[in-house]
Amino acid sequence: MVENQELRKAGLKVTLPRVKILQMLDGSSDRHMSAEDVYKALMEAGEDVGLATVYRVLTQFEAAGLVVRHNFDGGHAVFELADGEHHDHMVCVDSGEVVEFFDPEIERRQREIVKEHGYELVDHNLVLYVRKAGGK
């Protein structure tokens, strides 16, 4: 199983809750799930994994580099699988929908700005808070 290999590679012992949670994150159409979302999906799938276990496993996954935690303003923490591909986010302030995007021009400009100020870019996280055009 791919999940077992991923857990071992991350230095985590293979346990049923960890495998189930990793499968849920990997198989979900929603790439950004809260611990509650994961818990509800597991319950709907008939899996007996407690909410405290979901929180604990997601924290372990984050520490092991398997998932990335995002704390978007006004919302709770959401997790996405760490795929190694950089992207930025747009968060709809009305619906909470999270949209991923990548723009080479934005990335280039950020590096230029950092360099102009005499720094080197170590990491960054760009989140745009949006609303559908014509909305409220």
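How much area is buried between domain 1 and domain 2, and what share of this area do carbon and sulfur atoms give? The legends below describe close-up views of a predicted model.

**Figure 1. The interface of domain 1 and domain 2.** The domain assignment of the protein places residues 2–81 in domain 1 and residues 88–130 in domain 2. Six residues of domain 1 and seven residues of domain 2 take part in the contact. About 550 Å² is buried between the two domains, and carbon and sulfur atoms give 61% of this area. On the side of domain 1, H32, F72 and D73 supply 75% of the area buried against domain 2, more than any other three residues. The centres of the two domains, taken over C-alpha atoms, are 25 Å apart.

**Figure 2. Polar and charged groups across the interface.** Four residue pairs are in polar contact across the interface of domain 1 and domain 2. The residues of domain 1 that touch domain 2 comprise one nonpolar, two polar and three charged. One salt bridge is found across this interface.

Figure 3. Side chains of opposite charge can pair when their charged atoms come close. R31 forms a salt bridge with E80, with 2.8 Å between the closest N and O atoms. E80 belongs to strand 2 (residues 78–81), whereas R31 lies in the loop between helix 2 (16–27) and helix 3 (35–44); the two residues are 49 residues apart. E80 is buried because its relative accessible area, 3%, is under the 20% limit. R31, in contrast, is partly exposed, with a relative accessibility of 33%. The side chain of R31 also meets that of E100 in a salt bridge, at 2.8 Å from N to O. E100 lies in strand 4 (residues 98–101), so its pairing with R31 ties together parts of the chain that are 69 residues apart in sequence. E100 is partly exposed, at 29% relative accessibility.

Figure 4. The side chains of R108 and E105 form a salt bridge, with a distance of 2.3 Å from N to O. Both residues lie in helix 5 (residues 104–116), where three residues, about one turn of the helix, separate their positions. R108 is partly exposed at 32% relative accessibility, and E105 is partly exposed at 44%. Salt bridges link E105, R108, R109, E112 and E116 in a network. For the model, the count of salt bridges comes to eleven.

Conventions
Residues are numbered from 1 along each chain as its sequence is written. This is a predicted model: local features need pLDDT of at least 70, side-chain atom pairs count only at pLDDT 80 or more; totals for chains, interfaces and linings use all residues. Side-chain values use heavy atoms; hydrogens and water are left out. Domain bounds come from an automatic or database domain assignment. Contact means heavy atoms within 4.5 Å. Buried area is the accessible area (1.4 Å probe) that two parts lose on being put together, summed over both. A salt bridge is a side-chain nitrogen of Lys or Arg within 4 Å of a carboxyl oxygen of Asp or Glu. A polar contact is a pair of N or O atoms within 3.5 Å; within protein, one must be able to donate a hydrogen and the other to accept it, and residues adjacent in sequence count only if both atoms are side-chain atoms. Ala, Val, Leu, Ile, Met, Phe, Trp, Tyr, Cys and Pro count as nonpolar, Asp, Glu, Lys and Arg as charged, and the others, Gly among them, as polar. Helices (H or I, at least four residues) and strands (E, at least two) are DSSP runs, numbered from the N terminus. Buried means under 20% relative accessible area, exposed over 50%, partly exposed in between (1.4 Å probe, protein chains only).
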